[in-house]
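Hi,

Here is the structure I said I would pass on.

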Amino acid sequence: MFNVLEKHRLMMGMSSGGGSGGGGGMGAACYVYPDTPATPGIVTPNVVYDRSVYMNGSMTMDDGKVVPIWGFTDTAAGQMGGMDASGPFPSPAMRMNVGTIVHTRLTVPMMNGIHTIHHHGIEPSDHADGVGHITWDVNGTYTYQWRPMSPGTYFYHCHVNTVLHAEMGMYGALIVDPKEGPGTLLSGGPTYDTEAFWVVDDIDSRWHNLGWTAGTCGADVGLNVLQPDYFIITGVDASGTSAMNLPPISANMTVGQKCLGRYVCAGYHPQRVRIPAGLKAKIYISDGRALPNPVSTTGFKAISGERYDMIFEPTQAGDYVVEFDIVDWITGKVWGTARTNVVVTS
Ligand SMILES: [Cu+2]
């Protein structure tokens with residue numbers, strides 16, 4: 001794990017990778033971050049989300065294995081941040097109506113390295129985008145100012161050493177409602193009665209013992225090889241039955257109601273979604289943009305960061321199991337399947 005000496009080296013702009021005598025990069029900074037500036041053009045927000053970072057979280061899988069997890073805490077709710085702090089997984093959700101002026105205040109404790117918050121799909125101005133290196137990384141406090149303009153399902157995540165930090169669990173839901181608020185998917189309709197939240201992720205537990213700078217100094221730490229051994233939905237091991245009958249991952253509804261499935265592909269391998277025909281699923285929004293014409297579906301393939309908002313209007317009672325195959329991006333092999341269900345009563 002990251003230690004004080006490494007931190008000092010990083011702050012001094014010295015190489016910390018590969019021990020002594022490694023080839024190349026002698027004296028070159030392998031990870032330098034500028035001071036975070038003041039937020040330009042800052043105005044009074046409608047809503048503020050206070051976030052810090054935890055790096056001592058964990059998730060216990062169905063087989064008893066404990067996998068280290070990092071994420072964001074909601075400090076306004078009293079959740080602490082820090083190297084020794086734990087917190088919720090996934091990170092606390094953000095939810096607001098379109099047009100809301102939002103401030104995300106990220107505070108990274110000194111010894112927690114550096115992190116950012118990228119509001120995926122929102123497309124704010126550069127200085128609010130949270131993409132490390134391209135804008136700036138945060139060690140201290142920075143306020144992201146942004147304003148969502150399209151309803152739908154999004155997510156936020158850390159964008160520092162992204163391949164690792166997102167895998168470690170540094171993400172949370174970001175839901176944008178139309179001006180009517182929750183219960184309406186798009187302004188003017190359609191409406192829905194219940195919601196299911198499916199953040200589907202593949203976990204390679206070997207990666208979860210790496211330090212936060214792993215790979216950033218050029219060392220090969222294996223981040224090009226993802227061999228997932230756990231398959232989760234919204235922070236629950238979903239290889240077996242743990243994610244069944246577990247709202248708000250699964251959903252309960254009656255015939256005549258409408259259920260909204262909010263799906264985020266949060267893994268790295270492509271995912272093949274399989275939806276029972278009896279759910280009569282229709283996709284209304286893809287990646288935060290309303291489709292000109294809703295599309296009926298019994299399944300589709302998604303890749304990292306994609307989101308789909310779909311409404312189910314089943315006409316018959318039943319226990320409908322929805323499955324997500326994790327498909328190797330090169331070989332097409334199925335690494336595993338995550339499952340949950342929508343229970344429809346008459
Ligand atoms: Cu991070």
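Four strands make an open sheet, ordered β2-β1-β4-β6, with mixed pairing. (Strands are DSSP runs of E with at least two residues, helices are runs of H or I with at least four, and both are numbered from the N terminus; two strands pair if DSSP finds at least two bridges between them.) β2 (66-74) and β6 (140-146) are the edge strands with a single partner each, so one side of each has no neighbour in the sheet. On average, neighbouring strands here are turned by 25 degrees against each other, direction ignored; the axes are lines fitted to C-alpha atoms, and angles run from 0 to 180 degrees between N-to-C directions. Inside the sheet, β1 (residues 47-60) and β4 (residues 102-108) run parallel and share 5 bridges, with Val47 opposite Val102 in β4.

Before you go further, two notes on the basis. This is a predicted model, where local features need pLDDT of at least 70 and side-chain atom pairs count only at pLDDT 80 or more, while totals for chains, interfaces and linings use all residues. Residues are numbered from 1 along each chain as its sequence is written, and side-chain values use heavy atoms, with hydrogens and water left out.

(Buried is under 20% relative accessible area, exposed over 50%, partly exposed in between, using a 1.4 Å probe and protein chains only.)

There is also an open sheet of 7 strands, in the order β11-β10-β9-β13-β18-β15-β16, again with mixed pairing. Its edges are β11 (236-237) and β16 (289-297), each pairing on one side only. β13 (residues 259-265) and β18 (residues 307-312) are antiparallel over 6 bridges, and Gly261 faces Met310 in β18.

β19 (residues 318-327) is mostly covered, with 7 of its 10 residues buried. What does β19 pair with? β14 (residues 271-274) is joined to β19 by 4 bridges, running antiparallel, and Gln271 has Ile326 as its bridge partner. β20 (residues 334-345) also pairs with β19 in the antiparallel sense, over 10 bridges, and there Asp325 is partnered by Thr337. The β19 and β20 hairpin has 6 residues between the strands, and in it Gly332 takes a positive phi near 85 degrees.

Happy to talk any of this through once you have it open on your screen.

Cheers
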